[in-house]
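Here is a friendly walk through one protein, written for someone who likes to see the cut-offs. Have the viewer open as you read.

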Amino acid sequence: MKHRIDIRGNLIPNDYKWFYDWFEEDSTCPRDVQKVLDQVVDGDEIEVYVSSPGGVIEVGTEIYTALRSAKNVKIYITGRACSAASIVAMASYCEMAPTALMMVHCVSTRASGNHSDMEHTAEVLRTADQALCRAYMQKAGMTEQEALDMMEHETWMTAEQAKERGLIDGVMFEEKEEPGYMVAGEDFHLPSEEQMNQVKKIMQGKADAQNASVFLMQMQTEILKLKGERK
């Protein structure tokens with residue numbers, strides 16, 4: 001069974017959800033996500049669709065943790081995954097729509113007080129950045145400094161750019177190469193379509209006798225060669 005979770009609008013604490021709902025504004029709180037996860041049983045699949053500008057970092061990390069702890073989760077960024085929403089996108093296998101955007105940046109807040117208060121707030125923000133960058137590090141395998149530099153410059157990324165950095169696993173709707181047949185030995189190969197068409201002509205008596213004789217000799221040589229290499 002598949003379960004769908006929509007991460008839309010601002011990421012907000014549970015206690016604020018009623019307010020956004022009353023104004024019919026898109027929003028997501030941890031309780032929204034947990035309600036769906038509580039219905040999941042072993043073997044179920046979870047699809048998460050993200051289109052969010054971000055919001056409260058504690059909410060982003062709580063949703064990230066809930067999804068990271070679940071099994072069979074696939075995340076799809078359909079519009080944007082910015083700020084705290086980009087943290088959510090790091091929780092599991094993730095694809096982005098080719099028209100979607102991802103943005104990562106440093107944590108921000110408002111503060112007032114004297115210079116000691118401001119210096120303390122700056123230290124708290126730096127600590128928060130170091131905590132949040134772990135999500136990017138674990139997903140992409142980047143160093144702490146690489147992740148912090150990316151956040152420091154408020155980095156906006158297309159799907160391809162996010163994929164190049166290792167922040168997502170694929171781009172939605174990309175053509176995927178069809179897998180070939182698995183074979184027991186590296187020297188083995190199936191006959192080509194051209195070779196099979198040639199044999200069909202010989203079987204139907206439509207092939208030139210001389211060309212057919214040459215072709216059959218070539219095929220027999222290839223078969224004998226393969227037999228010899230397998231001994």
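Asp 129 lies in helix H5 (helices are DSSP runs of H or I with at least four residues, strands are E runs of at least two, both numbered from the N terminus). This is a predicted model, in which local features need pLDDT of at least 70 and side-chain atom pairs count only at pLDDT 80 or more, while totals for chains, interfaces and linings use all residues. Residues are numbered from 1 along each chain as its sequence is written, and side-chain values use heavy atoms, with hydrogens and water left out.

Leaving aside neighbours within four places in sequence, Asp 129 is in contact (heavy atoms within 4.5 Å) with Cys 106, Val 107, Leu 148 and Met 151.

## Salt bridges

The structure holds nine salt bridges. In one of them, Arg 126 meets Glu 123 at 3.2 Å, N to O; these two are three residues apart in helix H5, so about one helical turn separates them. Arg 134 pairs with Glu 144, the closest N and O atoms being 2.8 Å apart. That pair links distant parts of the chain, with Arg 134 in helix H5 and Glu 144 in helix H6 (residues 144-152), 10 residues apart.

Glu 47 and Lys 2 also form a salt bridge (3.4 Å, N to O). Glu 47 is buried, at a relative accessible area of 16%, whereas Lys 2 is exposed at 54%.

## The nonpolar core

The largest nonpolar core has 53 residues, and those touching the most other members are Ile 5, Ile 7, Val 48, Leu 67, Ile 77, Met 102 and Tyr 136. Such a core joins buried Ala, Val, Leu, Ile, Met, Phe, Trp, Tyr and Cys residues through side-chain atoms within 4.5 Å. Helix H5 (residues 115-140) gives the largest share of this core, six residues.

## The whole protein

The protein has nine helices and eight strands. Buried residues make up 35% of its 231 residues.

Note on methods. Buried < 20%, exposed > 50% of the residue type's maximum accessible area, 1.4 Å probe, protein only. Salt bridge = Lys/Arg side-chain N within 4 Å of Asp/Glu carboxyl O.
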